[in-house]
Every structure is written in C-alpha cells, then in structure tokens.
Amino acid sequence: MVHHDASSSIVLTYKKKMLLSSSNLDSNGVPQELWSLIGGKKMDTQSPERTINRRIKFLTNLELENIRLLSKPGKNDKDKYYYHSELTDHDVNFMERREGQRLEFYTLEELDNIILSSTTKLFVEENRDTVEELLAQ
C-alpha cells in the first residue's frame with residue numbers, strides 16, 4: 001500500500017503525565033533516546049482516526065474508545081492530525097510493550113530534560129497551553 005503524507009499522533013495522558021514512545025535501537029543498532037508521541041502515517045484507505053487506532057493497538061495492544069480530535073492540520077504541521085485520550089488504570093495495567101519499544105510517562109516539566117522528535121517538540125511548543133490543560137485533568 002502507498003502511504004500519504006497525512007499522519008496522526010495522539011497525546012495519551014495518565015495521572016498528569018504524557019505517554020511517549022522510543023525504539024530501543026535504531027536501524028544501525030544504536031540505542032535511541034529520541035521520544036515521540038505515538039503516531040503513524042495514513043494508509044490510502046485509512047481515516048486519520050483509524051491510523052491512530054492502528055498504531056495504539058500495534059504499540060500497546062490497547063483498543064481505546066475515548067479518543068477525541070485535538071487539532072487538524074495547521075500551517076506548520078501540514079497534514080498532521082492530533083488526538084487525545086486519557087488512559088485508565090485498567091489501560092495502564094494491561095498495556096503491553098512491543099519488543100524493541102519503550103513506553104514511558106513524563107510530566108510537562110520532564111519533557112524539557114529528554115530529547116523529543118521534531119514533530120513532538122513542535123507540537124508541545126505550539127500547544128503548550130493545551131498540553132498543560134490535558135495534564136492537569
């Protein structure tokens with residue numbers, strides 16, 4: 001299947017923290033410390049919502065129903081959809097990590113001390129108020 005430029009990412013929150021993902025190793029076997037929101041590129045026949053559900057299932061083995069749209073593509077993030085879902089205790093207890101994948105929760109303040117992917121960093125910088133609101137819930 002051919003991929004489009006459109007992609008989706010999701011801000012998953014739990015107890016005032018945001019879930020980020022990192023691969024243990026890059027394609028050359030070098031340990032990674034680059035953290036990003038869970039997301040993926042849209043397949044030809046997939047809606048942005050289906051794209052994000054597919055990636056959540058693939059990386060965490062969770063099927064979330066309470067996903068809401070945060071923002072549609074903007075001027076700096078062409079063809080990028082952002083979603084939000086608040087994880088429950090049940091979700092966190094039954095979340096599985098795909099082999100070679102790291103999943104960690106971070107507070108907004110902790111985000112300043114880790115290396116974020118360019119798209120995650122841009123989203124957090126441009127939407128800091130929204131992220132603060134989501135993490136305050």
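Me: Is Thr-13 buried or exposed?

Reply: Thr-13 is buried, because its relative accessible area is 3%. Buried means under 20% relative accessible area, exposed means over 50%, and partly exposed is in between (1.4 Å probe, protein chains only). One caution: this is a predicted model, where local features need pLDDT of at least 70 and side-chain atom pairs count only at pLDDT 80 or more, while totals for chains, interfaces and linings use all residues. Residues are numbered from 1 along each chain as its sequence is written, and side-chain values use heavy atoms, with hydrogens and water left out.

Me: Where does Thr-13 lie?

Reply: In strand 1. Strands (E, at least two residues) and helices (H or I, at least four) are DSSP runs, numbered from the N terminus.

Me: And what is Thr-13 in contact with?

Reply: Leave aside neighbours within four places in sequence. Then Thr-13 is in contact with His-84, Ser-85, Glu-86, Leu-87, Leu-134 and Leu-135. Contact means heavy atoms within 4.5 Å.

Me: Which side chain does the side chain of Thr-13 join in a polar contact?

Reply: That of His-84, at 2.8 Å. A polar contact is a pair of N or O atoms within 3.5 Å; within protein, one must be able to donate a hydrogen and the other to accept it, and residues adjacent in sequence count only if both atoms are side-chain atoms.

Me: What stands opposite His-84 in strand 6?

Reply: Arg-68. Strand 5 (residues 68-71) and strand 6 pair in the antiparallel sense, over three bridges. Two strands pair if DSSP finds at least two bridges between them.

Me: How many residues of strand 6 are buried?

Reply: Five of its seven, so strand 6 (residues 80-86) is mostly covered.

Me: Zooming out, how many helices and strands are there?

Reply: Four helices and eight strands. Of the 137 residues, 39% count as buried.

Me: New topic. What volume does the largest pocket have?

Reply: About 350 Å³. Of the 22 residues that line the pocket, the closest to its centre are Ser-21, Ser-36, Leu-37, Gly-39 and Arg-55. On a 1 Å grid over the protein atoms alone, a pocket is an open set of points where a 1.4 Å probe fits, with protein on both sides within 12 Å along at least five of seven lines; lining residues have an atom within 4 Å of a point. Grid points are joined across faces, edges and corners, and the volume is the space filled by probe spheres set on the points.

Me: Which element gives the most to the lining?

Reply: Strand 4, with four residues.
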